[in-house]
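Here is a guided walk through a protein structure. Keep the model open beside the text and follow along.

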Amino acid sequence: ILHNWTSALTDKSTDDYCRLCWFLYELIVKCLILDVHDQNKKDAPRNTRIDPDVNFAITRLLEALVNALMARLSPSDDSNYSEETLQLAKFVNHCTALFLKDAISFFDRGVALEWLNFWLSRWIHKSQPTRFIVDLQIDFLRVVCDYEYY
């Protein structure tokens with residue numbers, strides 16, 4: 001799933017894969033949790049639960065996703081973005097935040113926090129970040145840091 005999704009994001013048909021990211025993220029999380037359960041790795045240290053190749057594949061996926069979205073968002077002011085692009089970026093950002101929130105609970109936390117840092121740092125343009133980009137980053141952190149009694 002990870003490799004197919006990553007390779008599809010490098011094509012021109014990124015919109016469909018971005019719209020389905022919630023499903024693909026949930027599928028990845030559930031497959032990995034089932035794999036940990038089936039291999040009786042629940043009590044194993046976090047850094048040995050998941051294969052390092054999977055960690056690398058998720059890193060590549062996040063990189064492909066943010067690159068696909070950044071290609072659609074120019075570093076100009078917010079008024080030049082189409083409404084479809086804004087909504088797609090918000091949706092993918094929100095779904096990725098939920099995925100990383102889940103990942104923190106069973107992945108090696110160092111790896112999950114590296115992904116979190118990577119996602120946030122890639123949204124910063126070389127020039128001054130726009131209000132929309134800052135809003136995306138704040139929404140991302142709000143979702144990741146949201147607890148039951150927030």
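Let's begin with a pair of charged side chains: arginine 19 and glutamate 84 form a salt bridge, and their closest N and O atoms are 3.0 Å apart. Arginine 19 belongs to helix α2 and glutamate 84 to helix α6 (residues 83-106), so this pair ties together parts that are 65 residues apart in sequence. Arginine 19 is partly exposed, with a relative accessible area of 38%, and glutamate 84 is partly exposed as well, at 42%. Please keep in mind that this is a predicted model.

Now step back to the whole chain. How many helices and strands does the protein chain have? There are eight helices and zero strands, so from the N terminus on the order of elements reads α-α-α-α-α-α-α-α. Of the 150 residues, 40% count as buried. If you take the contacts between residues at least 6 apart in sequence, 74% of them join residues at least 24 apart. The chain exposes about 8800 Å², and carbon and sulfur atoms supply 56% of that area.

Next, have a look at how two of the helices sit together. The axes of α3 and helix α5 (residues 52-72) come within 13 Å and cross at roughly 170 degrees. Angles over 145 degrees count as roughly antiparallel, and α3 and α5 are therefore roughly antiparallel to each other. On the α3 side, the contact is made by Tyr25, Ile28 and Leu32; on the α5 side, the residues are Val54, Ile58, Leu61, Leu62 and Leu65.

What separates leucine 65 and tryptophan 119 in sequence and in space? They are 54 residues apart in sequence, while their C-alpha atoms are 9.5 Å apart.

Let's return to the charged pairs. Side chains of opposite charge can pair when their charged atoms come close. A search of the whole structure finds three salt bridges, and one of them is the pair of arginine 19 and glutamate 84 described above. Another joins lysine 30 to glutamate 26, with the closest N and O atoms 3.0 Å apart. Both of these residues lie in helix α3, four residues apart, which is about one turn of the helix. Lysine 30 is partly exposed at a relative accessible area of 48%, and glutamate 26 is partly exposed at 31%.

Aspartate 139 and arginine 142 also meet in a salt bridge, at 2.6 Å from N to O. About one helical turn separates aspartate 139 and arginine 142, because they are three residues apart in helix α8 (residues 131-144). Aspartate 139 counts as partly exposed at 22% relative accessibility; buried would require under 20%. Arginine 142 is partly exposed, at 38%.

Finally, turn to the surface. Which residues form a nonpolar patch there? Leu20, Trp22, Phe23 and Phe91 do, with about 400 Å² of accessible area together. Leucine 20 sits in the loop between α2 (14-19) and α3 (21-38).

Methods:
Residues numbered from 1 in each chain as written. Predicted model: local features only at pLDDT ≥ 70, side-chain atom pairs only at ≥ 80, totals over all residues. Heavy atoms only, no water. Patch = residues over 30% accessible without salt bridge, like charges linked within 9 Å, V, L, I, M, F, W, Y side chains within 5 Å. Areas by Shrake-Rupley, 256 points an atom, 1.4 Å probe, with all protein chains shown as cover. Salt bridge = Lys/Arg side-chain N within 4 Å of Asp/Glu carboxyl O. Axes fitted to C-alpha atoms, helices over the stretch in contact; angles between N-to-C directions. Parallel < 35°, antiparallel > 145°, perpendicular 65-115°, else oblique. Contact = heavy atoms within 4.5 Å. Buried < 20%, exposed > 50% of the residue type's maximum accessible area, 1.4 Å probe, protein only.
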